[in-house]
Amino acid sequence: MKVPLRYQVTRNDCGPTSMTNALSYLLEREEFPPDVLEYVYSVMLDKYRGADHPGGTSCWAMRFFGHWLNDTRRTVGLPIEAHQLRGEEVQIGDGTPFVECVEQGGVAVMSCLLGKTDHYVLVTGIDRNPEGQIESFRIFDPWYVESEEDLIAEGFPPQYSGLITIDRDHPFAYNRVIGRPVICSNMMINYSLTCNTPQELLLLRRTDGR
């Protein structure tokens, strides 16, 4: 049985929330080991130090957890494979590891911008236009908002108007549809992957063909 994906409860837990959502998307509830959930939260709040504006999850914590998942697959048989892409390894076109993983049923935990800070979301699907070109990405953003206006800051570039859409009809898979021009933008706008430094994706997929 699958369960709806969840929202973060603080400003800082987008990393562990998105990782939990990734595993919930790939695994049935009965397959999800409780000790994995415990480990997610023990590892992925490594930037939190109790300051006025604490951080959340570093790219190193995300990488470490990916390695841990791979070790867990080898030692106890959890059917999840993880692979981190950073910097120039992150590509969005056809035939890239990112696109192939998502279109073959895997997911990507993606570091993008939200409010001009690093933010983790989950990519679960890709939409193509009639010509077969990548048009938009289906993501689950754990940051809850009421409307699209909450995601568009003053001065939002008009060329991206209509390319950030909230979807509340697919709680098991995604709650945003983000146009490719936004993801690929080199401007400091919400959901831009390209201008995030460093660019970062953690790819996850099942290894048992389910």
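Tutor: Let's start where two helices touch: Val36, Tyr39, Val40 and Val43 of α2 meet Ala61, Phe64, Phe65 and Trp68 of α3. "Meet" here means contact, that is, heavy atoms within 4.5 Å. This is a predicted model, in which local features need pLDDT of at least 70 and side-chain atom pairs count only at pLDDT 80 or more, while totals for chains, interfaces and linings use all residues. Residues are numbered from 1 along each chain as its sequence is written, and side-chain values use heavy atoms, with hydrogens and water left out.

Student: What makes something a helix or a strand here?

Tutor: Both are DSSP runs numbered from the N terminus: a helix is H or I with at least four residues, and a strand is E with at least two. By that rule the protein has 5 helices and 7 strands. From the N terminus they come in the order α-α-α-β-α-β-β-β-β-β-α-β.

Student: Back to α2 and α3. Which classes do the residues of that contact fall into?

Tutor: Ala, Val, Leu, Ile, Met, Phe, Trp, Tyr, Cys and Pro count as nonpolar, Asp, Glu, Lys and Arg as charged, and the others, Gly among them, as polar. The α2 and α3 contact therefore sorts into 8 nonpolar, no polar and no charged residues.

Student: What makes α2 roughly parallel or roughly antiparallel to α3?

Tutor: The angle decides. Axes are lines fitted to C-alpha atoms, for helices over the stretch in contact, and angles run from 0 to 180 degrees between N-to-C directions. Under 35 degrees is roughly parallel, over 145 roughly antiparallel, 65 to 115 roughly perpendicular, and the rest oblique. The axes of α2 (residues 34-43) and α3 come within 10 Å and cross at roughly 155°. So α2 is roughly antiparallel to α3.

Student: And why is the crossing of α2 and α3 called right-handed?

Tutor: The rule looks at how the near helix is turned from the far one by less than a right angle: anticlockwise is left-handed, clockwise is right-handed. α2 passes α3 in the clockwise sense, so the crossing is right-handed.

Student: How do you know which way α1 runs relative to α3?

Tutor: The axes of α1 (residues 14-26) and α3 (residues 59-76) come within 12 Å and cross at roughly 30°. That makes α1 roughly parallel to α3. Their crossing is right-handed. Gly15, Met19 and Leu23 of α1 make the contact with Met62, Phe65 and Leu69 of α3. By class, that gives 5 nonpolar, 1 polar and no charged.

Student: What about α1 and α2: roughly parallel or roughly antiparallel?

Tutor: Their axes are 9 Å apart and they pack at about 155°. So α1 is roughly antiparallel to α2. This crossing is right-handed too. Pro16, Thr17, Met19, Thr20 and Leu23 in α1 meet Val36, Leu37, Val40 and Tyr41 in α2. The contact holds 7 nonpolar, 2 polar and no charged residues.

Student: How do you know whether Val102 is buried or exposed?

Tutor: Val102 is in helix α4 (residues 97-103). With a relative accessible area of 5%, Val102 is buried. Beyond four places in sequence, Val102 touches Val107, Ala108, Val123, Thr124, Gly125 and Ile126. The C-alpha atoms of Val102 and Ile126 are 7.2 Å apart, although 24 residues separate them along the chain.

Student: What makes Tyr191 worth a look?

Tutor: Its phi is near 75°, a positive value in a residue other than glycine. Most residues other than glycine have a negative phi. Tyr191 lies in the loop between α5 (180-183) and β7 (200-206). At 0% relative accessible area, Tyr191 is buried.

Student: Last one: how do you know whether the protein agrees with a compact globule?

Tutor: The radius of gyration is taken over C-alpha atoms, and the globule rule is 2.2 Å times the number of residues to the power 0.38. For 210 residues that rule gives a value near 17 Å, and the protein has 16 Å, so the two agree.

How values were computed. Buried < 20%, exposed > 50% of the residue type's maximum accessible area, 1.4 Å probe, protein only.
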